[in-house]
Amino acid sequence: MHPLFRHGRRFLLYLAAWIELGVILGVLAPVSGHISRLEAVAIMVPMMLLLGLVCLAPYYVCRAIPLRAVAWRSLIQHHLVGTILAATGVMLVGRLLAGVLSSIWPGLDQLFAHATPVLTVFVALTFMLST
């Protein structure tokens, strides 16, 4: 069990930090595109909550594959595969969420598609930072 799951308060504080990151990204997103703040926050907050949960996974990878136990190539491969899977999963959920929210805000899925490369790099770098 992950140490954050042992105490409910710690886990809620952890999620609150990710919610704040989602709000910050939601406020900054309109600067780079033609999206309103409300639309950006509606997409970013759930994506960042998911990313926060996904960023708990490297704990188990690091426990299973200690730095001194394997060669550096194998270590890079394991973390790179995890990063690719995490970024793909979070961006897929973001794309699905944008598709669902496009019924409320028409064209939101197309705006999200334009932001996908930058968001993918952000998600990948954030996941790599958590390892």
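Student: Which handedness does the crossing of α3 and α6 have?

Tutor: Good place to begin, and keep in mind that this is a predicted model. Helix α3 covers residues 37–54, and its axis comes within 12 Å of the axis of α6. The crossing of these two helices is right-handed.

Student: How are α3 and α6 oriented, roughly parallel or roughly antiparallel?

Tutor: Their axes cross at roughly 30 degrees. Angles under 35 degrees count as roughly parallel. That makes the orientation of α3 to α6 roughly parallel.

Student: How many nonpolar residues does the contact of α3 with α6 have?

Tutor: On the α3 side, the residues include I43, M44 and L51, and on the α6 side they include F112, L119 and F127. By class, the contact of α3 with α6 has one polar residue and one charged residue, and its nonpolar residues number twelve.

Student: What about α5: is it roughly parallel or roughly antiparallel to α6?

Tutor: Helix α5 spans residues 72–101, and its axis lies 9 Å from that of α6, at an angle of about 155 degrees. Angles over 145 degrees count as roughly antiparallel. The two helices are therefore roughly antiparallel.

Student: How many charged residues are in the contact of α5 with α6?

Tutor: α5 passes α6 in a right-handed crossing. Among the residues that make the contact are G82, A86 and R95 of α5, together with D109, A113 and T116 of α6. By class there are 14 nonpolar and six polar residues, while the charged ones number two.

Student: Is A115 buried, partly exposed or exposed?

Tutor: A115 is found in helix α6, which runs over residues 108–129. Buried means under 20% relative accessible area, and exposed means over 50%. A115 has a relative accessible area of 30%, so this residue is partly exposed.

Student: How far apart are the C-alpha atoms of A115 and P46?

Tutor: Along the chain, A115 and P46 are 69 residues apart.

Student: Stepping back, how many helices does the chain have?

Tutor: Read along the sequence, the pattern is α-α-α-α-α-α. There are zero strands, and the helices come to six.

Student: And what percentage of the residues count as buried?

Tutor: The C-alpha trace spans about 50 × 35 × 25 Å along its principal axes. The chain exposes about 8300 Å², with carbon and sulfur atoms supplying 71% of that area. Of its 131 residues, the share that counts as buried is 34%.

Conventions
Residues are numbered from 1 along each chain as its sequence is written. This is a predicted model: local features need pLDDT of at least 70, side-chain atom pairs count only at pLDDT 80 or more; totals for chains, interfaces and linings use all residues. Side-chain values use heavy atoms; hydrogens and water are left out. Helices (H or I, at least four residues) and strands (E, at least two) are DSSP runs, numbered from the N terminus. Buried means under 20% relative accessible area, exposed over 50%, partly exposed in between (1.4 Å probe, protein chains only). Accessible areas come from the Shrake-Rupley method with a 1.4 Å probe; for residues, only the protein chains shown count as cover. Axes are lines fitted to C-alpha atoms, for helices over the stretch in contact, and angles run from 0 to 180 degrees between N-to-C directions. Angles under 35 degrees count as roughly parallel, over 145 as roughly antiparallel, 65 to 115 as roughly perpendicular and the rest as oblique. A crossing is left-handed if the near helix is turned anticlockwise from the far one by less than a right angle, and right-handed if clockwise. Contact means heavy atoms within 4.5 Å. Ala, Val, Leu, Ile, Met, Phe, Trp, Tyr, Cys and Pro count as nonpolar, Asp, Glu, Lys and Arg as charged, and the others, Gly among them, as polar.
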